Amino acid sequence: MKKKIALFASGAGSNAKAIIEHFQNNSEVSIELIVCNKSEAGVLKIAENHKISSILVDKELFFSKNSCLPALKVAKIDFIILAGFLWKIPEVLIQGFPDRIINIHPALLPKYGGKGMYGQKVHAAIIANQEKESGITIHYVDEKYDHGQIIFQAKCAVLETDTPDTLAARIHQLEHKHYSEIIEKVISKLG
Ligand code: GRF
């Protein structure tokens, strides 16, 4: 039986797109569902283009009623992959999918992580602190922001001429190169 993934994403969706394309003709894994919390998110169009079901979740219902659970159950989801979702994952989901929720963070955790550290804010802080390198962290999700066990990291240089945008572009390249492969490895190991 193929392992079924739900992608939680609420941004432009470039990682979601790379993951969808990576697993398109995969015999072991299928991308079944996109869970999104922004009606204008680019990832919804990507889901539509690839004929993948998507649901838009409301903040209040997501946290008070775990409103995405029925869709995850109906789709028989095995793994949840976060790719720019930003909301904290409720405990009931973490308990329901032990070691089966993975996130990607655009920096070398444990530095530059935690609440409020996302997207351009991360890159701006790294540049402001004159860091010489940054990178990506792929990790399991637990109850705290950007805290679960690290699965994989990759580094890149931070240039003196970098702006948050140029650094973000370099980080995105790393993300697109590694995230799908690491997901595939974790799934084949855990089965
Ligand atoms: C990525 O940089 C990822 O590290 C972070 O959110 C961003 C999402 O970008 N968690 P995209 O929507 O996949 O282009």
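Q: Which residues of helix 2 are buried?
A: Val43, Leu44, Ile46 and Ala47 are the buried ones in helix 2. Buried means under 20% relative accessible area, exposed means over 50%, and partly exposed is in between, using a 1.4 Å probe and protein chains only. Helices (H or I, at least four residues) and strands (E, at least two) are DSSP runs, numbered from the N terminus.

Q: Why do those four count as being on the same side of helix 2?
A: Because they cover an arc of only 160° around the axis. The arc is taken over the directions from the helix axis to the C-beta atoms.

Q: Before we go on, where do the numbers come from?
A: This is a predicted model, where local features need pLDDT of at least 70 and side-chain atom pairs count only at pLDDT 80 or more, while totals for chains, interfaces and linings use all residues. Residues are numbered from 1 along each chain as its sequence is written, and side-chain values use heavy atoms, with hydrogens and water left out.

Q: Good to know. What do the buried residues of helix 2 pack against?
A: They pack against helix 1, strand 2 and strand 3, where contact means heavy atoms within 4.5 Å. Helix 2 (residues 42-49) lies across strand 2 (29-36) and strand 3, and it runs at about 145° to strand 2. For such angles, axes are lines fitted to C-alpha atoms, for helices over the stretch in contact, and values run from 0 to 180 degrees between N-to-C directions.

Q: And what's on the face turned away from the buried side?
A: Glu48 and Asn49, which are exposed, sit on that face of helix 2. Just after the helix, lysine 51 takes a positive phi of about 55°.

Q: Let's zoom out to the sheet. In what order do the strands come?
A: There are seven strands in an open sheet, in the order 3-2-1-4-5-6-7 with mixed pairing. Two strands pair if DSSP finds at least two bridges between them.

Q: Which strands are at the edges?
A: Strand 3 (53-56) and strand 7 (150-157), each of which pairs on one side only. From one strand to the next, the twist averages 20°.

Q: How many bridges join strand 1 to strand 2?
A: Six, and the two strands run parallel. Strand 2 is mostly covered, with seven of its eight residues buried.

Q: What about strand 4 and strand 5?
A: Strand 4 (residues 79-82) runs parallel to strand 5 (residues 101-105), and two bridges join them. Isoleucine 80 has isoleucine 101 in strand 5 as its bridge partner.

Q: New topic: where is serine 10, and is it buried or exposed?
A: Serine 10 is in the loop between strand 1 (3-8) and helix 1 (14-22). It counts as buried because its relative accessibility is 4%.

Q: What does the serine 10 side chain make a polar contact with?
A: With the side chain of asparagine 37, at 2.8 Å. A polar contact is a pair of N or O atoms within 3.5 Å; within protein, one must be able to donate a hydrogen and the other to accept it, and residues adjacent in sequence count only if both atoms are side-chain atoms. Leaving aside neighbours within four places in sequence, serine 10 also has Ala41, Val43 and Phe85 among its contacts.

Q: How many residues does the largest nonpolar core have?
A: It has 41, and those with the most contacts inside it are Ile5, Leu7, Ile19, Ile31, Ile81, Tyr179 and Ile183. A nonpolar core here is a set of buried Ala, Val, Leu, Ile, Met, Phe, Trp, Tyr and Cys residues joined through side-chain atoms within 4.5 Å. Helix 7 (residues 164-190) gives the largest share of this core, eight residues. Apart from it lies another core of 20 residues, including Phe62 and Phe97.

Q: Last one: what about helix 6, which residues are buried there?
A: In helix 6 (residues 119-128), they are Val122, His123, Ala125 and Ile126. These cover an arc of only 160° around the axis, so they are on the same side of helix 6. Strand 5, strand 6 and helix 7 are among what covers them. After helix 6 comes glutamine 130, with a positive phi near 55°.
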